[in-house]
Amino acid sequence: MAPLALLSLSLALLPTLISAHGHVSGIVVDGKWYTGWNAAMKYQSPIPPTAGWQVDNLDNGFVTPSQFATADIICHKAAKNGGLYIPAKAGAAVKFLWDAWPVSHKGPVIDYIAPCPGDCTSVDKTTLRWTKIKEGAWITGSDPGTWVTDDLVKSNLSWTTTIPSTLASGNYIIRHEIIALHAAGQSNGAQAYPQCINFKVEGTGSETLSGGVAATAFYKATDAGILFNLYSKFTGYTIPGPALKMVAKREAAVVEERGHAKDWLRELEMEE
Ligand SMILES: *[C@@H]1O[C@H](CO)[C@@H](O)[C@H](O)[C@H]1NC(C)=O
Ligand SMILES: [Cu+2]
């Protein structure tokens with residue numbers, strides 16, 4: 001093959017090689033499927049409204065540690081408000097379905113929730129204050145070990161979180177995120193894949209979630225859980241970001257009593 005042909009061939013292959021990650025393609029609540037944001041939708045006119053925030057991630061790409069203090073970490077790259085809501089009861093299970101996730105992309109899976117003062121479809125994302133409601137990461141072994149992302153891949157590429165049952169009725173955004181650590185041994189190598197989704201929560205609780213944190217303050221490039229060598233011998237892992245909130249732990253105890261809380265249990269064990 002002529003050198004020029006070789007060059008164009010390798011250029012053609014490049015996007016597939018670097019884009020084998022994923023995005024949240026659907027959300028299931030109460031047995032009902034809701035379409036997530038898919039970056040290809042930006043070419044439709046009009047752009048179809050989704051509860052998932054509109055992200056400029058056609059390459060299924062990620063946010064790097066050098067961008068952790070910028071607005072892109074809030075709801076992913078150049079994210080714009082989702083135009084719809086998913087209705088959900090406080091205490092409901094919310095299942096996020098990914099279109100793809102490579103097993104090599106091991107790392108933590110974290111869920112945050114933020115109340116919208118008013119309408120989530122128009123809120124200024126920089127004003128959102130987030131509370132961590134679920135986290136999972138390292139399970140066992142090392143180099144690279146077993147991680148909750150392995151469970152996510154085995155569970156039909158899905159991850160389930162619970163809307164705190166104590167939450168007051170209102171408009172909320174859940175920020176569901178995977179942080180891939182396969183390249184995190186080098187500086188600026190971790191990869192954050194956040195996705196924000198609007199929810200209209202109905203409940204009898206009164207929890208309003210004061211004291212949340214801005215997403216731009218979640219992580220630093222040098223955090224123990226961000227600059228982390230997956231391909232080494234290790235005996236623990238520190239999940240990055242703010243602490244899990246007590247409201248989530250109370251919720252976990254309630255779910256545990258009901259006897260179907262495998263994910264929660266693992267997280268609680270890891271906390272101790
Ligand atoms: C498995 O994932 C596919 C694709 O996201 C989805 O259509 C299907 O409903 C999922 N199955 C279950 C049982 O959640
Ligand atoms: Cu990837």
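Colleague: How many residues has the largest nonpolar core, and which of them have the most contacts inside it?

Modeller: A nonpolar core is a set of buried Ala, Val, Leu, Ile, Met, Phe, Trp, Tyr and Cys residues joined through C-beta atoms within 7 Å, and a residue is buried if 20 or more other C-beta atoms lie within 10 Å of its own, exposed if 12 or fewer, and partly exposed in between, with C-beta atoms placed from the backbone. Here the largest such core has 63 residues, and those with the most contacts inside it are Ile113, Tyr172, Ile173, Ile197 and Phe199. Among the elements that give it two or more residues are β1 (24–29), α2 (72–75), β3 (86–89), β10 (170–180) and β11 (191–202); helices (H or I, at least four residues) and strands (E, at least two) are DSSP runs, numbered from the N terminus. Please keep in mind that this is a predicted model, in which local features need pLDDT of at least 70 and side-chain atom pairs count only at pLDDT 80 or more, while totals for chains, interfaces and linings use all residues. Residues are numbered from 1 along each chain as its sequence is written, and chains are lettered from A and ligands numbered from 1 in the order in which they are written.

Colleague: Which strands pair with β11, and in what sense do they run?

Modeller: Two strands pair if DSSP finds at least two bridges between them. In this model β3 pairs with β11 in the parallel sense over 4 bridges, with Ala88 having Val201 as its bridge partner, whereas β10 and β11 run antiparallel and are joined by 11 bridges, Glu177 standing opposite Pro194.

Colleague: What does Phe199 touch, leaving out residues up to four places away in sequence?

Modeller: Two residues are in contact if their C-beta atoms, placed from the backbone, lie within 7 Å. By that rule Phe199 touches Tyr85, Ile86, Ala88, Tyr172 and Ile174. Tyr85 itself lies in the loop between α2 and β3, and it is buried, with 21 other C-beta atoms within 10 Å. Asn171, one of the contacts of Tyr85, is 86 residues apart from it in sequence, yet the two are 8.3 Å apart in space, C-alpha to C-alpha.

Colleague: Which residues surround ligand 1?

Modeller: A residue is near a molecule if its C-beta atom, placed from the backbone, lies within 6 Å of it. Ligand 1 is surrounded by Ser25, Gly26, Leu97, Asn156 and Ser158, a shell that divides into 1 nonpolar, 4 polar and no charged residues. For that division, Ala, Val, Leu, Ile, Met, Phe, Trp, Tyr, Cys and Pro count as nonpolar, Asp, Glu, Lys and Arg as charged, and the others, Gly among them, as polar.
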